[in-house]
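Subject: Structure handover

Hello,

Here is the structure I promised to pass on. Please open it next to this email and follow along.

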Amino acid sequence: MTDYQNFQSHYERLLQMPVFGINQQEKWAKLSPIFEWLHQHHRAHCAAYANITSSAPAHFSSLENVPFLAVKLFKLMSLSSTPTQNVFRTLHSSGTTGQTPATITLDKETSARQSKTLVKVLQESLGRQRLPMLIIDSPVTVKPGSSFTARAAGIQGLSFFGRDHTYALDEQMQPNWQVIEAFHDKYHDQPVLLFGFTFMVWQYFVKAFQQSSGKPAFERGILLHSGGWKKLESEKVDNDTFKNTVAELFGIHQVINFYGMAEQVGSIFTECEAGHLHCPLFSDIIVRDPYTMKPCGSNQQGLLQCVSVLPTSYPGHSILTEDLGRLLGEDDCRCGRKGRYFAIDGRLPQTEVRGCSDTFMAGDAV
Ligand SMILES: [Zn+2]
């Protein structure tokens, strides 16, 4: 692959292919030239990336050879591969208390790729129809402006899948009972889409209705949710509890969790009917031992590295997260989807993060 146009046409071709229909070996044959180009592109346009990856090989014989940056680096420094005049939007991750949010620089092309890919991946779960959409958040979350939180970007990205967008919470994050009731009266007997961040849905929607006498039933509803489980772990709420409670309260049986992060918007991993998270054609995961950084075996817990073909405006095509997970298998999930599938186990406790992990590279470890 030689230039940007060439990269873009490779990406466009991926968009025409089945999202979950290509087996792992064939997928990697398609992705490796793209990652080699991305690596060279970011080396040429981001000095910090070039420094950090100076010892990486130029050719990636396997997925595991793609060098990575620790996710924390995006909080510590500004990593951009695009000239200032081309910056279209700066995205800020919400960040947990006391932490600096990550800053992600987007140009128009990267942003367009993120939206197109998100649509393509989610259509596999939601279909092409735009459904009436209840957003389990407050309208104040989505404020106009060029500086944008990841939560707002998530809502905006997902809005494409719905119509008659209705915000279920008020400015104090309390259920807006009248609005919810009106939405229910209008759409209770047809397919609707409910979307929210996992913790918000649980804390401000599920819990509020557990304590109220009236519960709106959305028997043909799909609840799509994403976000960390960390806050819910302290309340002993896991994925099964979440699903069962939502089914009991609202009659919603189609509950789809997805994994994604502010540093790789558009590159999401959706849950299948078997409850496994799947890698779409545009992304992949590698699970690494947190101490040796070597790739883990199947079902062995480690740190997740996420790779994505989407970002050209910042070097976020390969990121080592602080999330713990396990690779469950490849090409053989009982749902029929090809490629890798995995589970998330939680987050690495802060005390265990290696001091040098920020600059640790795949090339050094494997
Ligand atoms: Zn599956």
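Below is what was found, one topic at a time. One caution comes before the rest: this is a predicted model.

**The zinc site**

Start at the metal. Which residues hold the zinc ion? The protein donors are C272, H278, C333 and C335.

Now look at the geometry. The angles between the 4 donor atoms run from 101 to 118°, so the arrangement is tetrahedral. For four donors of this kind, the ideal angle at a metal is 109.5 degrees.

Next, trace the donors along the chain. Their spacing reads C-x5-H-x54-C-x1-C. H278 sits in strand β11, residues 277-278. C333 sits in the loop between β14 (318-330) and β15 (340-347). The pair therefore ties together parts that are 55 residues apart in sequence.

**Cavities and a pocket**

The structure holds 2 cavities of 30 Å³ or more. Take the second largest cavity, which has about 30 Å³ of space. Its lining is V19, F20, G21, I22, K27, C279, L281, K338 and G339. By class, that lining has 5 nonpolar, 2 polar and 2 charged residues.

Then find the second largest pocket. Its volume is about 180 Å³. The lining residues are Y4, H41, H45, S81, T82, P83, N86, D107, K108, E109, T312 and S313. Which elements give two or more residues to this lining? They are α2 (24-45) and α5 (108-126). By class, the pocket lining has 2 nonpolar, 7 polar and 3 charged residues.

**Aromatic rings**

The count comes to 20 aromatic pairs. One of them is W177 with F209. The ring centres are 5.0 Å apart and the planes stand at 80°, so this pair is edge-to-face. W177 belongs to helix α7 (residues 177-187), and F209 belongs to helix α8 (residues 198-210). The pair links distant parts of the chain, 32 residues apart.

W177 has a relative accessible area of 42%, so W177 is partly exposed. F209 is at 2% relative accessibility and therefore counts as buried. Both residues also belong to one aromatic cluster, made of W177, F205, F209 and F250.

Begin with I34, which lies in helix α2. I34 is at 2% relative accessibility, so I34 counts as buried. How many residues separate I34 and V309 along the chain? They are 275 residues apart, yet 6.9 Å separates their C-alpha atoms.

The other pair is I104 and P315. I104 is placed in strand β3 (residues 103-107). I104 is buried, because its relative accessible area is 1%. I104 and P315 are 211 residues apart in sequence, and 9.4 Å apart in space from C-alpha to C-alpha.

**Two backbone angles**

Last, look at the backbone. Most residues other than glycine have a negative phi. K236 and M293 are both residues other than glycine with a positive value.

Phi of K236 is near 60°. K236 is found in the loop between α9 (230-233) and α10 (239-250). With 71% relative accessibility, K236 counts as exposed.

Phi of M293 is near 65°. M293 is found in the loop between β12 (283-288) and β13 (302-308). Where K236 is exposed, M293 is buried, with a relative accessible area of 1%.

**Where to start**

Then move on to the W177 and F209 ring pair.

Best wishes

Conventions:
Residues numbered from 1 in each chain as written. Predicted model: local features only at pLDDT ≥ 70, side-chain atom pairs only at ≥ 80, totals over all residues. Heavy atoms only, no water. Donors = N, O, S within 2.8 Å, 3.2 Å for Na, K, Ca; no water. Tetrahedral: all angles 85-135°; square planar, octahedral: opposite > 155°, others 65-115°. Helix = DSSP H or I, 4+ residues; strand = E, 2+ residues; numbered from the N terminus. 1 Å grid on protein atoms, 1.4 Å probe; cavity = no way out; pocket = protein on both sides within 12 Å on 5 of 7 lines; lining within 4 Å. Points joined across faces, edges and corners; volume = space filled by probe spheres on them. Nonpolar A, V, L, I, M, F, W, Y, C, P; charged D, E, K, R; others polar. Phe/Tyr/Trp six-rings, centres within 6.5 Å; stacked < 30°, edge-to-face > 60°. Buried < 20%, exposed > 50% of the residue type's maximum accessible area, 1.4 Å probe, protein only.
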